[in-house]
Amino acid sequence: MSLYLYLLLAALIGAVPLTEGIARVWTGQNLRDLGQGNTGISATFRYVGTVPGLIAVLGEAGRGIGVVLLGHYCGVDPLWGLVALVSGRFLSTRGAGVTNVIWGLAWAAPWALLGIGLTGGTTWICSRNRVISRRLGALSLPLWIGYTGQAVYSAVTLGIVLVLIDYTLPDE
């Protein structure tokens, strides 16, 4: 499978309004009409309930892990799939895709996830600023990913995309 087909498939997987669909099936209401219009997992827990929130977490985790597994199977850097996944999610449902990335990284590079947490946590302890610590944590991904050569570009791109989404959706 070529890189382009993989990216297209990952973006389409991200574009599926999974969390909104779970909320609609559970309550019959549109998640966008509840609360502030956020369609994320936290809104599902808050406005729909614990069980659908847990189902949404599992579904979103499955998307992140699935895209990583598909990338490994196809011989493509799975971080490019996570970039496409969160981009597709953001462009179609205005969701951030943070859960997708966390679970995808937990499967692909758990040490990088720990490093991001360490960077963000240390920044928060020093500055007490959640926004700065989130963004520096995301931007530190290339330092922790352990890739060399061309593959580091996917880590840089993923960090930048997450920060840009954070600028647009600060409540995520």
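Helix 4 is followed by G75, whose phi is positive, near 75 degrees. The model described here is predicted. Helix 4 itself covers residues 50-74. At 1.5 Å a residue, its 25 residues should span 36 Å.

Buried residues of helix 4 are P52, G53, A56, E60, A61, R63, G64, I65, V67, V68, G71 and C74. Their cover includes helix 1 (3-15), helix 2 (18-27) and helix 3 (41-47). Helix 5 (78-93) and helix 6 also contribute to that cover.

The contact with helix 6 can be described in detail. Helix 6 comprises residues 98-108. Its axis comes within 7 Å of the axis of helix 4, and the two cross at roughly 45 degrees. Helix 4 is therefore oblique to helix 6. The crossing is right-handed. On the helix 4 side, the contact is made by V57, E60, A61, R63, G64, I65, V68, L69 and H72. On the helix 6 side, T99, N100, W103, G104, W107 and A108 take part. The residues of this contact divide into eight nonpolar, five polar and two charged. E60, A61, R63, G64, I65 and V68 of helix 4 are among the buried residues and also belong to the contact with helix 6.

Helix 10 is formed by residues 152-168. The two axes come within 8 Å and cross at roughly 20 degrees. An angle under 35 degrees counts as roughly parallel, so helix 5 is roughly parallel to helix 10. Helix 5 passes helix 10 in a left-handed crossing. From helix 5, the residues in contact are L79, W80, L82, V83, V86, S87 and F90. They meet Y153, S154, A155, T157, L158, V161, I165 and T168 in helix 10. Eleven residues of this contact are nonpolar, four are polar and none is charged.

With residues up to four places away in sequence left out, G137 touches I116, T119 and G120. L91 is 46 residues from G137 along the chain. The C-alpha atoms of G137 and L91 are separated by 23 Å.

Terms used
Residues are numbered from 1 along each chain as its sequence is written. This is a predicted model: local features need pLDDT of at least 70, side-chain atom pairs count only at pLDDT 80 or more; totals for chains, interfaces and linings use all residues. Side-chain values use heavy atoms; hydrogens and water are left out. Axes are lines fitted to C-alpha atoms, for helices over the stretch in contact, and angles run from 0 to 180 degrees between N-to-C directions. Helices (H or I, at least four residues) and strands (E, at least two) are DSSP runs, numbered from the N terminus. Angles under 35 degrees count as roughly parallel, over 145 as roughly antiparallel, 65 to 115 as roughly perpendicular and the rest as oblique. A crossing is left-handed if the near helix is turned anticlockwise from the far one by less than a right angle, and right-handed if clockwise. Contact means heavy atoms within 4.5 Å. Ala, Val, Leu, Ile, Met, Phe, Trp, Tyr, Cys and Pro count as nonpolar, Asp, Glu, Lys and Arg as charged, and the others, Gly among them, as polar. The expected span of a helix is 1.5 Å times one less than its number of residues. Buried means under 20% relative accessible area, exposed over 50%, partly exposed in between (1.4 Å probe, protein chains only).
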